[in-house]
Amino acid sequence: MLIQFDLPRTFNGLPSEIFAPDTESASTKFPALDIAEFEHESTVIAEIPGVKKEDLKIVVEKGWLTISGERKPYEIPQDAKILMNEMRFQSFSRSLELPHTVDVEKISAELENGVLRI
């Protein structure tokens with residue numbers, strides 16, 4: 001029995017994210033964010049493992065919050081044999097429109113164990 005597939009039509013039904021280059025999908029999802037809104041404030045929580053405080057920039061401008069920075073590579077001894085290499089070391093930037101007006105003077109941020117709270 002011979003089965004024939006029409007590959008272009010078969011692939012048309014699949015989500016385009018499957019075919020996106022790895023670097024593109026990673027950059028749009030990093031850092032992962034949670035946003036909670038309370039009566040008088042909002043909290044943004046971002047996962048940024050491996051990013052140091054000095055490699056991080058937080059900007060609030062015209063109703064937008066931008067978190068940017070760089071995850072720098074760690075030192076690997078020259079005699080090490082790399083068995084797996086999945087960690088990405090790259091610059092990142094993630095912006096989101098804030099749900100309400102923000103008093104910039106009252107913004108605070110803390111970074112602990114790879115979790116940023118703004």
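The largest pocket in this predicted model has a volume of about 440 Å³. A pocket here is an open set of points on a 1 Å grid over the protein atoms alone, with protein on both sides within 12 Å along at least five of seven lines, and its lining residues have an atom within 4 Å of a point. A volume is the space filled by probe spheres set on the points, which are joined across faces, edges and corners.

The model is predicted, and local features need pLDDT of at least 70, side-chain atom pairs count only at pLDDT 80 or more, and totals for chains, interfaces and linings use all residues. Residues are numbered from 1 along each chain as its sequence is written, and side-chain values use heavy atoms, with hydrogens and water left out.

**Pockets**

The lining of the largest pocket consists of 18 residues, and E41, S42, K106, I107 and I118 lie nearest its centre. Strand β2 (residues 42-47) supplies the largest share of this lining, 3 residues. Strands are DSSP runs (E, at least two residues), numbered from the N terminus. The second largest pocket holds about 160 Å³ of space. Among the residues that line the second largest pocket are P49, D55, Y74 and F89. The table gives the linings by class; Ala, Val, Leu, Ile, Met, Phe, Trp, Tyr, Cys and Pro count as nonpolar, Asp, Glu, Lys and Arg as charged, and the others, Gly among them, as polar.

| Pocket | Volume | Lining by class |
|---|---|---|
| Largest pocket | about 440 Å³ | 9 nonpolar, 5 polar and 4 charged residues |
| Second largest pocket | about 160 Å³ | 6 nonpolar, 1 polar and 5 charged residues |

**Sheet**

An open sheet is formed by 4 strands in the order β1-β2-β7-β6, with antiparallel pairing. Two strands pair if DSSP finds at least two bridges between them. β1 (33-37) and β6 (110-112) stand at the edges with a single partner strand each, so one side of each has no neighbour in the sheet. β6 pairs with strand β7 (residues 115-117) in the antiparallel sense over 3 bridges. R117 in β7 is the bridge partner of E110.

**Loops**

Most residues other than glycine have a negative phi. N113, in the loop between β6 and β7, has a positive phi of about 55° although it is not a glycine. K62 lies in the loop between β3 (56-61) and β4 (64-70). K62 is not a glycine, yet its phi is positive, about 50°. K62 is exposed, with a relative accessible area of 80%.

Key: 1 Å grid on protein atoms, 1.4 Å probe; cavity = no way out; pocket = protein on both sides within 12 Å on 5 of 7 lines; lining within 4 Å. Buried < 20%, exposed > 50% of the residue type's maximum accessible area, 1.4 Å probe, protein only.
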